[in-house]
Amino acid sequence: YQRRVHGIQSALSPAVMAEVEELKPDRRFFPVTRPFNVGMRLPPWMLEGDHPHKPPELILSEEEEFSSLAPEETAALEVLSERLASADLTEYQRSHCTRMLLVRFLRARNLDLDKAEAMLMKNLRWREETHPETTKCSACDRDPAAHCMAMVGWDKTWRPIIYACFRWASDRTNVDQNMEHCTELLEYVTKAMIPGVSRWVNIVDFDGFAFKDCGPKMGIRANALFSDNYPETVGGMYLIDPPTIFWAAWKVLEGVLDKNTRSKINFVYTSKEPNMRQVFAEIMEPHMAEWLVELIEENRGKARKSPTSPGTPKSPVSPLEGK
(Lines give C-alpha, C1' and ligand atoms only; values in the text may rest on other atoms or scores of the structure.)
Protein backbone atom coordinates (compact mmCIF):
# COMPACT_ATOMS: atom_id res chain seq x y z
CA TYR A 1 0.00 0.00 0.00
CA GLN A 2 2.71 2.49 0.97
CA ARG A 3 4.66 1.64 -2.18
CA ARG A 4 1.65 2.49 -4.31
CA VAL A 5 0.76 5.67 -2.42
CA HIS A 6 4.30 7.03 -2.40
CA GLY A 7 4.59 6.31 -6.09
CA ILE A 8 2.28 9.27 -6.67
CA GLN A 9 5.25 11.56 -6.03
CA SER A 10 6.40 10.75 -9.56
CA ALA A 11 4.70 11.24 -12.92
CA LEU A 12 1.80 8.84 -13.18
CA SER A 13 1.55 6.65 -16.24
CA PRO A 14 -1.82 5.11 -17.18
CA ALA A 15 -0.71 1.86 -15.57
CA VAL A 16 0.11 3.64 -12.32
CA MET A 17 -3.17 5.57 -12.43
CA ALA A 18 -4.93 2.22 -12.68
CA GLU A 19 -3.20 1.14 -9.47
CA VAL A 20 -4.29 4.37 -7.78
CA GLU A 21 -7.87 3.65 -8.84
CA GLU A 22 -7.65 0.39 -6.91
CA LEU A 23 -7.40 2.50 -3.75
CA LYS A 24 -10.85 3.96 -4.50
CA PRO A 25 -9.83 7.55 -3.75
CA ASP A 26 -12.35 10.07 -2.49
CA ARG A 27 -12.92 12.29 -5.52
CA ARG A 28 -13.83 15.27 -3.36
CA PHE A 29 -10.20 15.46 -2.30
CA PHE A 30 -8.33 13.61 -5.04
CA PRO A 31 -9.66 14.71 -8.44
CA VAL A 32 -6.44 13.74 -10.21
CA THR A 33 -6.77 13.42 -13.97
CA ARG A 34 -3.17 14.17 -14.94
CA PRO A 35 0.37 13.12 -13.90
CA PHE A 36 1.84 14.68 -10.76
CA ASN A 37 4.87 16.92 -10.32
CA VAL A 38 7.95 15.14 -8.95
CA GLY A 39 8.00 17.57 -6.01
CA MET A 40 4.53 16.54 -4.90
CA ARG A 41 2.98 13.46 -3.41
CA LEU A 42 -0.23 12.93 -1.49
CA PRO A 43 -0.73 11.41 1.96
CA PRO A 44 -3.03 8.40 2.39
CA TRP A 45 -5.77 10.52 4.02
CA MET A 46 -6.19 12.32 0.68
CA LEU A 47 -6.62 9.02 -1.13
CA GLU A 48 -8.69 6.62 0.96
CA GLY A 49 -12.37 7.36 1.20
CA ASP A 50 -12.63 5.97 4.74
CA HIS A 51 -9.26 7.03 6.20
CA PRO A 52 -9.45 7.90 9.95
CA HIS A 53 -7.84 11.29 9.30
CA LYS A 54 -10.61 12.34 6.91
CA PRO A 55 -12.69 15.35 8.01
CA PRO A 56 -16.23 14.92 9.32
CA GLU A 57 -19.13 15.45 6.95
CA LEU A 58 -20.23 18.58 8.78
CA ILE A 59 -18.83 21.17 11.19
CA LEU A 60 -21.72 23.62 11.15
CA SER A 61 -24.92 23.61 9.10
CA GLU A 62 -25.74 26.72 7.08
CA GLU A 63 -28.41 27.60 9.63
CA GLU A 64 -25.89 27.30 12.47
CA GLU A 65 -23.44 29.49 10.56
CA PHE A 66 -26.20 32.00 9.87
CA SER A 67 -27.27 32.09 13.53
CA SER A 68 -23.67 32.87 14.56
CA LEU A 69 -23.57 36.12 12.57
CA ALA A 70 -23.36 39.41 14.40
CA PRO A 71 -26.61 41.46 14.32
CA GLU A 72 -25.07 44.05 12.01
CA GLU A 73 -23.97 41.29 9.61
CA THR A 74 -27.48 39.83 9.55
CA ALA A 75 -28.97 43.25 8.83
CA ALA A 76 -26.50 43.95 6.01
CA LEU A 77 -27.12 40.50 4.54
CA GLU A 78 -30.86 41.12 4.39
CA VAL A 79 -30.38 44.39 2.51
CA LEU A 80 -27.85 42.90 0.06
CA SER A 81 -30.16 39.93 -0.57
CA GLU A 82 -33.01 42.31 -1.39
CA ARG A 83 -30.82 44.20 -3.84
CA LEU A 84 -29.79 40.99 -5.58
CA ALA A 85 -33.42 39.86 -5.84
CA SER A 86 -34.10 42.71 -8.26
CA ALA A 87 -30.72 42.61 -10.00
CA ASP A 88 -30.37 41.49 -13.61
CA LEU A 89 -28.60 38.18 -13.02
CA THR A 90 -28.50 34.94 -14.96
CA GLU A 91 -29.59 31.69 -13.37
CA TYR A 92 -25.94 30.64 -13.29
CA GLN A 93 -24.97 33.79 -11.40
CA ARG A 94 -27.81 33.43 -8.91
CA SER A 95 -26.79 29.85 -8.19
CA HIS A 96 -23.57 31.16 -6.63
CA CYS A 97 -25.25 33.71 -4.37
CA THR A 98 -25.51 31.66 -1.18
CA ARG A 99 -26.03 33.50 2.06
CA MET A 100 -22.57 32.75 3.38
CA LEU A 101 -20.99 33.85 0.09
CA LEU A 102 -22.73 37.21 0.46
CA VAL A 103 -21.43 37.41 4.03
CA ARG A 104 -17.87 36.92 2.79
CA PHE A 105 -18.19 39.82 0.36
CA LEU A 106 -19.78 42.00 3.04
CA ARG A 107 -16.96 41.25 5.46
CA ALA A 108 -14.38 41.96 2.76
CA ARG A 109 -15.80 45.49 2.50
CA ASN A 110 -16.41 45.99 6.22
CA LEU A 111 -20.19 45.75 5.73
CA ASP A 112 -20.24 48.70 3.32
CA LEU A 113 -23.27 47.67 1.23
CA ASP A 114 -22.46 49.66 -1.90
CA LYS A 115 -18.85 48.47 -2.01
CA ALA A 116 -19.80 44.88 -1.24
CA GLU A 117 -22.47 44.88 -3.96
CA ALA A 118 -20.06 46.33 -6.53
CA MET A 119 -17.43 43.74 -5.59
CA LEU A 120 -19.93 40.89 -5.79
CA MET A 121 -21.32 42.01 -9.15
CA LYS A 122 -17.77 42.17 -10.55
CA ASN A 123 -17.18 38.63 -9.31
CA LEU A 124 -20.43 37.38 -10.85
CA ARG A 125 -19.53 38.93 -14.20
CA TRP A 126 -16.13 37.23 -14.01
CA ARG A 127 -17.80 33.90 -13.29
CA GLU A 128 -20.24 34.32 -16.17
CA GLU A 129 -17.42 35.15 -18.56
CA THR A 130 -14.86 32.55 -17.46
CA HIS A 131 -16.80 29.72 -15.74
CA PRO A 132 -13.83 29.14 -13.40
CA GLU A 133 -15.26 25.83 -12.14
CA THR A 134 -14.36 24.38 -15.56
CA THR A 135 -10.81 25.80 -15.61
CA LYS A 136 -8.02 23.29 -16.16
CA CYS A 137 -4.34 24.16 -16.00
CA SER A 138 -3.19 23.80 -19.61
CA ALA A 139 0.48 24.06 -18.60
CA CYS A 140 0.21 21.08 -16.24
CA ASP A 141 -1.68 19.12 -18.89
CA ARG A 142 1.33 19.60 -21.20
CA ASP A 143 4.03 19.17 -18.55
CA PRO A 144 3.46 17.74 -15.04
CA ALA A 145 6.54 19.67 -13.86
CA ALA A 146 5.04 23.05 -14.78
CA HIS A 147 3.56 23.84 -11.36
CA CYS A 148 3.98 22.43 -7.86
CA MET A 149 0.94 23.48 -5.85
CA ALA A 150 -1.81 21.24 -4.47
CA MET A 151 -4.07 20.54 -1.50
CA VAL A 152 -2.43 18.05 0.87
CA GLY A 153 -4.70 17.84 3.92
CA TRP A 154 -6.32 19.78 6.75
CA ASP A 155 -5.31 21.72 9.85
CA LYS A 156 -6.72 21.26 13.37
CA THR A 157 -9.90 23.16 12.51
CA TRP A 158 -10.36 21.27 9.20
CA ARG A 159 -9.25 24.13 6.99
CA PRO A 160 -7.72 22.78 3.74
CA ILE A 161 -3.92 23.04 3.53
CA ILE A 162 -2.35 24.03 0.21
CA TYR A 163 1.36 23.32 -0.31
CA ALA A 164 3.51 24.98 -3.01
CA CYS A 165 7.22 24.68 -3.75
CA PHE A 166 9.24 26.98 -6.02
CA ARG A 167 12.07 24.59 -6.85
CA TRP A 168 9.91 21.91 -8.41
CA ALA A 169 7.87 24.23 -10.64
CA SER A 170 9.40 24.86 -14.07
CA ASP A 171 6.78 27.43 -15.16
CA ARG A 172 7.27 30.28 -12.69
CA THR A 173 7.24 33.35 -14.93
CA ASN A 174 4.14 32.94 -17.11
CA VAL A 175 1.62 34.90 -15.06
CA ASP A 176 -1.46 33.87 -17.04
CA GLN A 177 -0.69 30.16 -16.80
CA ASN A 178 0.04 30.40 -13.08
CA MET A 179 -3.27 32.21 -12.52
CA GLU A 180 -4.98 29.44 -14.48
CA HIS A 181 -3.44 26.88 -12.13
CA CYS A 182 -4.44 28.91 -9.06
CA THR A 183 -8.01 29.23 -10.33
CA GLU A 184 -8.35 25.49 -10.89
CA LEU A 185 -6.91 24.80 -7.44
CA LEU A 186 -9.00 27.38 -5.58
CA GLU A 187 -12.21 26.18 -7.20
CA TYR A 188 -11.34 22.64 -6.13
CA VAL A 189 -10.36 23.67 -2.59
CA THR A 190 -13.48 25.80 -2.17
CA LYS A 191 -15.70 22.87 -3.16
CA ALA A 192 -13.72 20.53 -0.89
CA MET A 193 -14.40 22.69 2.17
CA ILE A 194 -16.81 20.88 4.44
CA PRO A 195 -19.87 22.79 5.70
CA GLY A 196 -18.85 25.10 8.51
CA VAL A 197 -15.36 25.76 7.11
CA SER A 198 -14.78 28.85 4.98
CA ARG A 199 -11.00 29.38 4.95
CA TRP A 200 -7.86 27.59 3.82
CA VAL A 201 -4.17 27.66 4.79
CA ASN A 202 -1.32 28.11 2.31
CA ILE A 203 2.22 26.79 2.87
CA VAL A 204 4.74 28.23 0.38
CA ASP A 205 8.21 26.65 0.32
CA PHE A 206 10.76 29.16 -1.02
CA ASP A 207 13.44 26.53 -1.62
CA GLY A 208 14.72 27.21 -5.15
CA PHE A 209 13.46 30.83 -5.26
CA ALA A 210 15.63 32.73 -7.76
CA PHE A 211 16.02 36.18 -9.33
CA LYS A 212 13.50 35.27 -12.04
CA ASP A 213 10.88 34.96 -9.29
CA CYS A 214 11.46 38.47 -7.93
CA GLY A 215 9.11 40.32 -10.27
CA PRO A 216 6.14 41.51 -8.19
CA LYS A 217 3.61 41.06 -11.02
CA MET A 218 2.92 37.42 -10.12
CA GLY A 219 2.20 38.26 -6.49
CA ILE A 220 0.05 41.25 -7.39
CA ARG A 221 -2.04 39.21 -9.83
CA ALA A 222 -2.42 36.38 -7.33
CA ASN A 223 -3.50 38.79 -4.61
CA ALA A 224 -6.08 40.30 -6.98
CA LEU A 225 -7.40 36.84 -7.91
CA PHE A 226 -7.77 35.84 -4.25
CA SER A 227 -9.18 39.12 -2.93
CA ASP A 228 -11.54 39.88 -5.84
CA ASN A 229 -12.96 36.42 -6.37
CA TYR A 230 -12.31 34.41 -3.19
CA PRO A 231 -12.54 37.05 -0.43
CA GLU A 232 -12.27 36.11 3.22
CA THR A 233 -10.97 32.61 2.43
CA VAL A 234 -7.32 33.00 3.46
CA GLY A 235 -6.99 31.64 6.98
CA GLY A 236 -3.21 31.81 7.10
CA MET A 237 -0.18 31.92 4.82
CA TYR A 238 3.18 30.52 5.91
CA LEU A 239 6.24 31.40 3.82
CA ILE A 240 9.12 28.99 4.46
CA ASP A 241 12.74 30.17 4.19
CA PRO A 242 12.23 33.32 2.09
CA PRO A 243 15.75 34.23 0.85
CA THR A 244 17.41 37.63 0.90
CA ILE A 245 16.49 38.39 -2.72
CA PHE A 246 12.80 37.96 -1.87
CA TRP A 247 12.58 41.04 0.32
CA ALA A 248 12.83 43.56 -2.52
CA ALA A 249 9.76 42.02 -4.16
CA TRP A 250 8.08 41.84 -0.76
CA LYS A 251 8.34 45.61 -0.30
CA VAL A 252 6.34 46.13 -3.50
CA LEU A 253 3.82 43.38 -2.75
CA GLU A 254 3.31 44.49 0.85
CA GLY A 255 2.22 47.87 -0.44
CA VAL A 256 -0.81 46.42 -2.27
CA LEU A 257 -1.94 44.08 0.51
CA ASP A 258 -4.69 45.24 2.81
CA LYS A 259 -4.00 45.20 6.55
CA ASN A 260 -6.16 42.14 7.16
CA THR A 261 -4.38 40.04 4.51
CA ARG A 262 -0.94 41.17 5.69
CA SER A 263 -1.75 40.06 9.25
CA LYS A 264 -2.26 36.48 8.04
CA ILE A 265 1.20 36.16 6.43
CA ASN A 266 3.85 34.48 8.56
CA PHE A 267 7.53 33.89 7.84
CA VAL A 268 8.89 30.58 9.17
CA TYR A 269 12.16 28.71 8.76
CA THR A 270 13.59 25.20 8.63
CA SER A 271 16.69 25.90 10.73
CA LYS A 272 15.95 29.00 12.83
CA GLU A 273 13.13 30.66 14.72
CA PRO A 274 10.23 30.71 14.21
CA ASN A 275 10.78 27.09 13.23
CA MET A 276 8.35 25.36 10.88
CA ARG A 277 8.14 22.29 13.13
CA GLN A 278 6.89 24.34 16.06
CA VAL A 279 4.52 26.38 13.90
CA PHE A 280 3.08 23.33 12.14
CA ALA A 281 2.58 21.59 15.50
CA GLU A 282 0.49 24.54 16.67
CA ILE A 283 -1.90 24.57 13.72
CA MET A 284 -1.91 20.93 12.55
CA GLU A 285 -2.51 17.52 14.06
CA PRO A 286 0.72 15.50 14.60
CA HIS A 287 0.22 13.23 11.58
CA MET A 288 -0.24 16.22 9.24
CA ALA A 289 2.62 18.27 10.69
CA GLU A 290 5.04 15.34 10.57
CA TRP A 291 4.08 14.40 7.01
CA LEU A 292 4.47 17.97 5.74
CA VAL A 293 7.87 18.41 7.40
CA GLU A 294 8.92 15.11 5.82
CA LEU A 295 7.78 16.27 2.37
CA ILE A 296 9.63 19.59 2.67
CA GLU A 297 12.83 17.90 3.80
CA GLU A 298 12.41 15.23 1.13
CA ASN A 299 12.16 17.89 -1.58
CA ARG A 300 15.35 19.52 -0.35
CA GLY A 301 17.07 16.13 -0.38
CA LYS A 302 15.99 15.49 -3.96
CA ALA A 303 17.30 18.92 -4.94
CA ARG A 304 20.74 18.14 -3.54
CA LYS A 305 20.87 14.89 -5.49
CA SER A 306 19.43 16.20 -8.75
CA PRO A 307 21.76 17.42 -11.52
CA THR A 308 19.01 19.68 -12.87
CA SER A 309 18.93 23.38 -12.11
CA PRO A 310 16.32 24.83 -9.73
CA GLY A 311 12.89 25.05 -11.27
CA THR A 312 13.62 22.59 -14.08
CA PRO A 313 12.96 19.14 -12.58
CA LYS A 314 13.51 16.10 -14.73
CA SER A 315 10.54 14.09 -15.92
CA PRO A 316 10.81 11.15 -13.51
CA VAL A 317 10.06 7.52 -14.03
CA SER A 318 7.50 6.22 -11.57
CA PRO A 319 8.93 3.80 -9.00
CA LEU A 320 5.98 1.56 -9.85
CA GLU A 321 7.07 1.16 -13.45
CA GLY A 322 8.18 -2.37 -14.18
CA LYS A 323 6.93 -3.73 -10.85
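Which helix is Arg-104 found in? Here are some friendly notes on this predicted model, starting with that residue.

1. Arg-104 sits in helix H6, which covers residues 99–108. This arginine is buried but takes part in no salt bridge. The nearest side chain of opposite charge belongs to Glu-232, 7.7 Å away, whereas a salt bridge needs nitrogen and oxygen within 4 Å. Apart from its neighbours within four places in sequence, Arg-104 is in contact with Asn-229, Tyr-230, Pro-231, Glu-232 and Thr-233.

2. Next, a look at how the helices pack. Helix H4 (residues 71–85) meets helix H7 (residues 113–130) at an angle of about 50°, their axes being 11 Å apart. The two are therefore oblique to each other, and the crossing is right-handed. On the H4 side the residues involved include Val-79, Leu-80 and Leu-84, while those from H7 include Leu-113, Leu-120 and Met-121.

3. H7 packs against helix H10 (residues 217–229) as well, here at an angle of about 110° with the axes 9 Å apart. That makes H7 roughly perpendicular to H10. Met-119, Lys-122, Asn-123 and Trp-126 of H7 meet Leu-225, Ser-227, Asp-228 and Asn-229 of H10. Asn-229 is also one of the contacts of Arg-104.

4. Charged pairs deserve a look of their own, as the count comes to 18 salt bridges. One of them joins Arg-172 and Asp-213, whose closest N and O atoms are 2.6 Å apart. This pair links distant parts of the chain: Arg-172 is in the loop between strand E2 and helix H9, and Asp-213 is in the loop between strand E3 and H10. Arg-172 counts as buried at 8% relative accessibility, and Asp-213 is buried too, at 10%.

5. Asp-176 and Arg-221 meet in another salt bridge, 3.2 Å from N to O. Asp-176 belongs to H9 and Arg-221 to H10, so the pair ties together parts 45 residues apart in sequence. Asp-176 counts as exposed at 52% relative accessibility, while Arg-221 is partly exposed at 32%.

6. Finally, have a look at the salt-bridge network that links Arg-127, Glu-133, Glu-187 and Lys-191.

Conventions: Residues are numbered from 1 along each chain as its sequence is written. This is a predicted model: local features need pLDDT of at least 70, side-chain atom pairs count only at pLDDT 80 or more; totals for chains, interfaces and linings use all residues. Side-chain values use heavy atoms; hydrogens and water are left out. Helices (H or I, at least four residues) and strands (E, at least two) are DSSP runs, numbered from the N terminus. Buried means under 20% relative accessible area, exposed over 50%, partly exposed in between (1.4 Å probe, protein chains only). Lys and Arg count as positive and Asp and Glu as negative; His and the chain ends are not counted. Contact means heavy atoms within 4.5 Å. Axes are lines fitted to C-alpha atoms, for helices over the stretch in contact, and angles run from 0 to 180 degrees between N-to-C directions. Angles under 35 degrees count as roughly parallel, over 145 as roughly antiparallel, 65 to 115 as roughly perpendicular and the rest as oblique. A crossing is left-handed if the near helix is turned anticlockwise from the far one by less than a right angle, and right-handed if clockwise.
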